[in-house]
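Hi everyone, thanks for coming.

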Protein chains: 2
Amino acid sequence: MRSLRYVEIAEELRRGMTRPGELLPSESELAAAYGASRVTVRRALESLRAEGLVDSRQGYGWFVVGEPVRQALGRLQTIEASLESRGVASERRVLDFGFVRAPKPVRSVLGNDVESVLRVRRLHLADGRPFARVTVWVPDALGAGLSRRDVESSPITELIGVALGGGRQTIGAAAASVSDAGLLGVPAGSPVLRCERVTFDSAESPVLVSEWVFPAGATEFVVDLPVAPQDWRT
Amino acid sequence: MRSLRYVEIAEELRRGMTRPGELLPSESELAAAYGASRVTVRRALESLRAEGLVDSRQGYGWFVVGEPVRQALGRLQTIEASLESRGVASERRVLDFGFVRAPKPVRSVLGNDVESVLRVRRLHLADGRPFARVTVWVPDALGAGLSRRDVESSPITELIGVALGGGRQTIGAAAASVSDAGLLGVPAGSPVLRCERVTFDSAESPVLVSEWVFPAGATEFVVDLPVAPQDWRT
DNA sequence: CAGTGGTCTAGACCACTGG
DNA sequence: CAGTGGTCTAGACCACTGG
């Protein structure tokens with residue numbers, strides 16, 4: 001993988017950012033400092049803006065953005081992630097771990113040649129209280145080297161050694177199953193948020209499938225969009 | 001508002017697109033055709049890519065993207081929007097229309113000086129079946145010129161004559177209230193998706209607030225993200 | 001006013017697709 | 001192979017900010 005100048009610059013800038021509100025050097029100064037053209041510097045800055053880390057005002061400059069929910073600019077953020085960033089103790093308890101025949105919907109995503117998968121079911125806790133029930137399906141080929149202890153301590157995506165690309169998530173509402181109700185400590189049939197995620201590698205091939213169930217009230221998704229899409233119409 | 005070359009080009013390209021899979025002229029050809037530099041043409045194409053309308057392959061070219069859920073690339077799309085794009089008859093029935101004191105949560109978003117708001121409650125139908133219950137709150141200043149007939153025929157965002165910027169949406173699950181259950185034709189207490197949207201103008205000031213309630217099963221949100229965010233970890 | 005970001009040009013080199 | 005998109009350069013003009 002050839003390294004990209006604007007990505008390098010973006011990373012250096014990210015590391016250099018300290019307090020919110022901090023004014024960055026001007027584009028011209030950065031260009032001189034990094035020995036790059038202004039266009040390349042801008043590209044780095046634009047990518048940081050897309051992450052919600054910085055913003056700019058014409059005639060004023062580029063500055064580090066504060067931490068309000070704006071963090072989620074152009075991103076999708078779960079309460080889980082924001083808890084983590086606030087340092088709330090979060091814990092993952094593995095409920096079961098084993099290889100199973102791939103369920104049809106999982107197979108249709110991962111490819112029909114994927115017959116067997118590693119299935120990991122977990123309960124996520126925040127401050128000791130059940131927060132989400134998660135199931136992850138990973139193709140045999142990627143899951144064969146993982147131990148139960150591995151997945152207890154690290155995110156699976158970090159263990160499988162695959163460079164991740166994008167993801168797709170569908171978010172819906174459902175009624176809590178008896179099993180999930182028991183795990184999450186809510187009445188059976190009460191509303192839950194149910195998410196299905198597909199995670200892709202950098203070549204846009206599906207790597208794993210996961211399902212997330214959150215009790216209503218405990219979780220909300222926040223989506224900030226830089227430009228109002230057409231169906232934003234009201 | 002000075003017109004931007006790359007926006008103009010993007011609009012012309014958007015109008016010119018026909019079938020999915022269609023290959024666009026090369027960047028150089030487009031640059032020549034529009035009398036613009038390749039950089040400007042690229043910028044137009046990148047903006048269309050951000051909308052999920054086109055994509056590119058190095059060495060191959062730019063092409064019109066098919067209609068699968070990919071449409072939502074980097075966007076948030078409701079079933080409502082995709083129904084519309086598929087030409088399913090969708091209807092909006094105004095339930096009530098009037099000026100009320102701004103509820104506290106609405107006020108806290110629109111600003112404490114906003115005391116009175118136009119509140120419009122609507123039922124959205126798809127193929128004649130109830131699909132969503134929506135409430136929109138618009139500050140007096142913007143709502144004063146609107147008639148009930150206006151909001152029956154056009155999106156409010158188009159009526160108020162404000163250039164829109166971004167938006168923010170929270171998505172959660174809830175139990176259907178008795179009133180919503182009646183409107184949507186589902187049992188009271190059954191799960192619904194509940195969304196709160198804040199729409200901003202181009203100066204990032206909040207313009208209006210809306211609440212959307214969808215019966216579970218009828219709606220899902222699909223979010224595609226170009227790069228896996230940190231909490232995409234599994 | 002000097003300095004900033006926003007837009008745009010006309011070039012360049014490279015990795016990659018397809019035949 | 002010729003042609004494509006991806007990245008990058010070194011310039012330019014303008015609207016805007018702040019003092």
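A:R194 is partly exposed, at 27% relative accessibility; buried means under 20% relative accessible area, exposed over 50%, and partly exposed in between, with a 1.4 Å probe and protein chains only. Its partner is A:E196: the two form a salt bridge, with the closest N and O atoms 2.9 Å apart. A:E196 also counts as partly exposed, at 36%. By salt bridge I mean a side-chain nitrogen of Lys or Arg within 4 Å of a carboxyl oxygen of Asp or Glu.

A word on the ground rules. This is a predicted model, where local features need pLDDT of at least 70 and side-chain atom pairs count only at pLDDT 80 or more, while totals for chains, interfaces and linings use all residues. Residues are numbered from 1 along each chain as its sequence is written, chains are lettered from A and ligands numbered from 1 in the order in which they are written, and side-chain values use heavy atoms, leaving out hydrogens and water.

Next, A:R42 and A:E27, whose side chains meet in a salt bridge at 2.7 Å, N to O. This pair links helix 3 (residues 38-50) of chain A, which holds A:R42, to helix 2 (residues 27-34) of chain A, which holds A:E27. Are these two buried or partly exposed? A:R42 is partly exposed at 28%, whereas A:E27 is buried at 9%.

Let's stay with helix 3 of chain A. Which of its residues are buried? They are A:V41, A:A44, A:L45 and A:L48. Seen down the helix axis, the buried residues fall within an arc of 95°, taken from the directions from the axis to the C-beta atoms, so they line one face of helix 3 of chain A. The face turned away from that buried side carries the exposed A:V39 and A:A50.

Definitions and conventions:
Helix = DSSP H or I, 4+ residues; strand = E, 2+ residues; numbered from the N terminus.
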